[in-house]
Amino acid sequence: MCPYCKGKGFFIKDVPVGHPDFGKLIPCQCKLKEMEKRRMAHLGRWTSLSYLKDMTFETFKPEGVGLSEELRRNLRLAYESALRFAQNPKGWLLIKGGYGSGKTHLAAAIANYRLQKGEPAIFIVVPDLLDYLRTTFSPGSQVDYDERFDELRNAPLLILDDLGAHSTTSWAREKLFQLLNHRYLARLPTVITTDLELEEIDPRLRSRLADPDVTEIITIKAPDYRQATSQGVSSLSALGLYRHMTFENFELRTDEVEMGPEERRNLREALRVAKEYARKPEGWLVIMGKTPGCGKTHLAAAIANHLASQGYQVIFVVVPDLLDYLRATFSPQSPVSYDRAFEEVRNAPFLVLDDLGTESATPWAKEKLYQLFNHRYVARLPTVITTSRDLEEIDPRIRFRMLDPAISTVFVLTVPEYLKGRR
């Protein structure tokens, strides 16, 4: 029994006559805690956590599955940041990453950790949150909108999963802004997961999410663990068809009479540049060569094969094949959605785009390629691009990014077609 209220739920303060609290019934802390638990239990019926009770820090694999050393380190840092937040939830935590990268698991682990400690936490998927608020307008709703919205915006810990998956109606944008703006001003602990880049988020929300005084941003670079293979190659990748193309069997063609001294030097330098990039894959490498069979695809595949052997998650795809693959996802029989397929490509830890410029230049194809290039450019994701086109023939928006010296190295192969075995 509570020593203050003797089980009554309230008490009268011992204060002199004239005091503002004289003769008033004061709610006891035990009663307030009980009311808070009931309120959170009611709200908990609307959360998504009941399906995620197995997502804990103990069941999370911070080393990932078949990841390179760099990606393992990135995932481990994300795990440690989420655990620190769970132990002492202050400010905001924004977890970014592609499908299946582990961001929802970490967010749910934070909620489960707090609940196991007896502390309140609300975990809800953003589209479910908006549906939850819409139900208050139903004639049969037992709780009005203001009460429910107030419960959410003042929750001691709120975890919003999948920001960006909601419909972008004016009403949805306004409700999310009101919710997050209140929590931002009140500095209430909040966790948000998203597969969007900051540039793709409503500018009003972005300004709050990007405030370093409030928000810690975690970017998980690991790909969808469900799509990974033991060789570090995505199921989308065509690298298996090019597994014979390695640095070891790349020929410098020293016995070809068609090759002059300058061309031999050019080929040796191309091999050196490719090996150096494979040793430290940062930024973009663009390999150009107008002559078919000059070696650009071999060098790109050799880089990809080397990195796959080091445990990197690699996607090697010919550009027209990629666009065909994306188009096929619109079929009702497709086992994978367009969003998931495109997300896998644009966030691939290492991507090779072979034969840029040979695709059909439809408006849809140009727009998809621009979105892909722009995302990887902004995120500075390692990418190798080969093309036989003149720069003037490439979409100016893509060309600008390919030629940016801050991110891209461009190498032009000037050697003739490789004819060995076909004389």
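Is Glu174 buried, exposed or partly exposed? Glu174 is partly exposed, because its relative accessible area is 31%. The cut-offs are under 20% for buried and over 50% for exposed, with partly exposed in between (1.4 Å probe, protein chains only).

1. **Basis.** This is a predicted model, in which local features need pLDDT of at least 70, side-chain atom pairs count only at pLDDT 80 or more, and totals for chains, interfaces and linings use all residues. Residues are numbered from 1 along each chain as its sequence is written, and side-chain values use heavy atoms, with hydrogens and water left out.

2. **Overall content.** The protein has 13 helices and twelve strands. Both are DSSP runs numbered from the N terminus: helices are H or I with at least four residues, strands are E with at least two. Of its 423 residues, 49% count as buried. Among contacts with a separation of 6 or more, 77% are between residues 24 or more positions apart. Contact here means heavy atoms within 4.5 Å. The protein exposes about 21,300 Å², and carbon and sulfur atoms supply 54% of that area. Areas come from the Shrake-Rupley method with a 1.4 Å probe; for residues, only the protein chains shown count as cover.

3. **Sheet S4-S5-S6-S3-S7.** Five strands form an open sheet in this order, with parallel pairing. Pairing requires at least two DSSP bridges between two strands. Strand S4 (122-125) and strand S7 (215-219) are at the edges; each has a single partner strand, so one side of each lacks a neighbour in the sheet. The twist averages 15° from one strand to the next. Angles run from 0 to 180 degrees between N-to-C directions, with axes fitted to C-alpha atoms, for helices over the stretch in contact.

4. **S4, S5 and helix H6.** S4 pairs with strand S5 (residues 158-163) in the parallel sense over four bridges. Ile122 has Leu158 in S5 as its bridge partner. Helix H6 (residues 170-186) packs on this sheet and touches strand S3 (92-96), S5 and strand S6 (190-194). The direction of H6 makes about 140° with that of S5.

5. **Sheet S9-S10-S11-S8-S12.** This is an open sheet of five strands, with parallel pairing. Strand S9 (314-318) and S12 are the edge strands, each pairing on one side only. Here the twist averages 10° from one strand to the next. S9 and strand S10 (residues 350-356) are parallel and share five bridges. Val317 stands opposite Leu353 in S10. Helix H9 (residues 296-309) lies across strand S8 (284-288), S9, S10 and strand S11 (383-387), at about 160° to S9. Helix H12 (residues 363-379) also packs on the sheet, touching S8, S10 and S11, with its direction at about 140° to that of S10.

6. **Strand S8.** Which residues cover the two faces of S8? Trp284, Val286 and Met288 lie on one side, Leu285 and Ile287 on the other, and all are buried. With five of five residues buried, S8 is therefore largely enclosed by the rest of the structure. Five bridges join S8 to S11 in parallel, with Met288 partnered by Thr387. S8 also pairs with S12 in the parallel sense over five bridges, and Leu285 stands opposite Thr409.

7. **Salt bridges.** Side chains of opposite charge can pair when their charged atoms come close. The whole structure holds 17 salt bridges, each a side-chain nitrogen of Lys or Arg within 4 Å of a carboxyl oxygen of Asp or Glu. One of them joins Lys96 and Glu197 (3.2 Å, N to O). Lys96 is in strand S3, Glu197 in the loop between S6 and helix H7 (203-209), 101 residues apart. Both are buried.

8. Arg204 forms a salt bridge with Glu174, with the closest N and O atoms 3.4 Å apart. Arg204 lies in helix H7 and Glu174 in helix H6, so the pair ties together parts 30 residues apart in sequence. Arg204 is partly exposed at 31% relative accessibility. Glu174, Asp202 and Arg204 are linked in a network of salt bridges.

9. Arg327 and Asp324 form a salt bridge, with the closest N and O atoms 3.0 Å apart. Three residues apart in helix H10, they are separated by about one helical turn. Thr329 is in the loop between helix H10 (319-328) and helix H11 (338-346). Thr329 counts as buried because its relative accessibility is 7%.
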